[in-house]
Amino acid sequence: MRNGLLIDYEFCTGCQSCEVACKQEHGFGTGKWGIRVLDEGPWEIDEKTVNWNKIPTPTSLCDLCAERTAGGKLPTCVHHCLAGVMKFGPINQLVEELDKKPNQVLFVPGPYTCKA
């Protein structure tokens with residue numbers, strides 16, 4: 001059974017705790033990231049509304065913390081997410097959650113995930 005990461009970016013605050021935790025967990029140096037919080041926006045919808053999303057985006061270095069999850073722990077980004085917008089689990093369960101709400105993304109690492 002393959003696992004994935006479901007990210008509800010509608011409520012991400014952009015705190016970058018996932019980035020920091022990941023870099024520390026894996027010892028990634030300057031310019032290397034397992035997950036990055038990207039900006040989508042800001043752009044004006046109308047005179048009173050602005051759209052600005054913070055979207056945590058796993059990179060090719062992300063292996064969903066294979067060592068941690070093999071020991072029964074959550075991936076470090078999920079564990080340290082202050083807004084609680086990340087879920088880890090079997091893909092089929094996460095797809096069911098994805099169908100319930102917009103503004104989410106599902107990440108599943110490919111067979112060619114890189115190591116630092």
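I take helices (H or I, at least four residues) and strands (E, at least two) as DSSP runs, numbered from the N terminus. The model is predicted, and I therefore note that local features need pLDDT of at least 70 and side-chain atom pairs count only at pLDDT 80 or more, whereas totals for chains, interfaces and linings use all residues. Residues are numbered from 1 along each chain as its sequence is written, and side-chain values use heavy atoms, with hydrogens and water left out.

**Backbone entries**

I looked up Gln-16 and found it in the loop between strand S1 (3-8) and H1, with a positive phi of about 70 degrees although Gln-16 is not a glycine. Gln-16 counts as partly exposed because its relative accessibility is 35%, where buried means under 20% relative accessible area, exposed over 50% and partly exposed in between (1.4 Å probe, protein chains only).

I then turned to Cys-65, which lies in the loop between strand S3 (49-58) and helix H2 (66-70) and has a positive phi near 50 degrees, again in a residue other than glycine. Cys-65 is buried, with a relative accessible area of 6%.

I also noted that the peptide bond from Gly-41 to Pro-42 is cis, with omega near 0 degrees, and that Pro-42 sits in strand S2 (residues 35-46).

**Cavity entries**

I searched for cavities on a 1 Å grid over the protein atoms alone, a cavity being a set of points where a 1.4 Å probe fits but cannot get out, with lining residues having an atom within 4 Å of a point.

Of its 13 lining residues, the closest to the centre are Cys-12, Cys-15, Ser-17, Cys-18 and Cys-81.

**Ring entry**

I checked Trp-33 for charges over its ring, which requires NZ of Lys or CZ of Arg within 6 Å of the ring centre and within 35 degrees of the ring normal. Lys-23 lies over the face of Trp-33 at 4.2 Å from the ring centre, and Arg-36 lies over the face of Trp-33 at 4.1 Å from the ring centre.

Key
On a 1 Å grid over the protein atoms alone, a cavity is a set of points where a 1.4 Å probe fits but cannot get out, and a pocket is an open set with protein on both sides within 12 Å along at least five of seven lines; lining residues have an atom within 4 Å of a point.
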